[in-house]
Amino acid sequence: MAYRKPTLDRRKVVADILKQRGDALVVAGLGAPTWDAAAAGDHALNFYTWGGMGGAAMIGLGLALAQPGRRVLVITGDGELLMGLGSLATIGVQQPRNLAVIVMDNEHYGETGMQETHTRFGVDLAGMAKSAGFRASGTVFTAAQLKTWITRFYKQAGPVFTAIKVTTQAAPMVLPVRDGVAIKLRFREALLGSKAFE
């Protein structure tokens, strides 16, 4: 297949996805996905993974298994997911029906100098997820495709996986709280209420 240059703006994509979040739990991968989620509106049910490269999908899996009645969205980057590809296999085996893994794929390592990732050379993350057993898997290139997938993130039985091809255009940093303990405690209290500290 011929190479298709990404055209979607990641900040707008994440904002569009989170407009419909309701009470969904959101795990944001380190770097730009965290800034994008915060820019869409800081939320107590956002779990920001400062410094946790490679772990976003597994954190999402843990939440999905522990909270089967809640929708869980992992929003991360291609570099972050490439560091933890084994997570796709584990999620495929566990089959959480309430989990969607959404990768903002700009084909670059944004946190270490914009080196090209393997996806720039044809590595197909959606194909890997499909082979691992995800119920739905695809790659998004256009706004029309994104619109269709947004509904699936919230409604389709999971696990769901989508790689969204976004540009490398820089967006202003929107930094949420950076204290890991504070993020954890805020998230637990928002999720569990008074039971969080019993």
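Predicted model: local features only at pLDDT ≥ 70, side-chain atom pairs only at ≥ 80, totals over all residues.
Okay, let's start with helix 2, residues 32-39. Is this helix enclosed or open? Seven of its eight residues are buried, so helix 2 is largely enclosed by the rest of the structure. The buried ones are Ala32, Pro33, Thr34, Trp35, Asp36, Ala37 and Ala38. And what sits over them? The cover includes helix 1 (10-18), plus strand 1 (25-28), strand 2 (46-48) and strand 3. After helix 2 comes Gly41, and its phi is positive, near 130°.

Next up, a pair of helices. For helix 3 and helix 5 (residues 86-94), the axes come within 9 Å and cross at roughly 15°. Angles under 35 degrees count as roughly parallel, so helix 3 is roughly parallel to helix 5. The crossing is left-handed. Helix 3 brings Ala57, Met58, Leu61 and Leu65 to the contact, while helix 5 brings Ser87, Thr90, Ile91 and Gln94. Sort those residues and you get five nonpolar, three polar and no charged.

Last stop: Arg70. You'll find it in the loop between helix 3 (56-66) and strand 3 (72-77). Is Arg70 buried or exposed? The cut-off for buried is under 20% relative accessible area, and Arg70 has 16%, so Arg70 is buried. What does its side chain meet? A polar atom there lies 2.8 Å from the backbone oxygen of Asp23. Setting aside neighbours within four places in sequence, Arg70 is in contact with Asp23, Leu25, Leu45, Asn98 and Leu191.

That's it from me, thanks!

Methods: Residues numbered from 1 in each chain as written. Heavy atoms only, no water. Helix = DSSP H or I, 4+ residues; strand = E, 2+ residues; numbered from the N terminus. Buried < 20%, exposed > 50% of the residue type's maximum accessible area, 1.4 Å probe, protein only. Polar contact = N/O pair within 3.5 Å; in protein donor to acceptor, adjacent residues only side chain to side chain. Contact = heavy atoms within 4.5 Å. Axes fitted to C-alpha atoms, helices over the stretch in contact; angles between N-to-C directions. Parallel < 35°, antiparallel > 145°, perpendicular 65-115°, else oblique. Left-handed = near helix turned anticlockwise from the far one by under 90°. Nonpolar A, V, L, I, M, F, W, Y, C, P; charged D, E, K, R; others polar.
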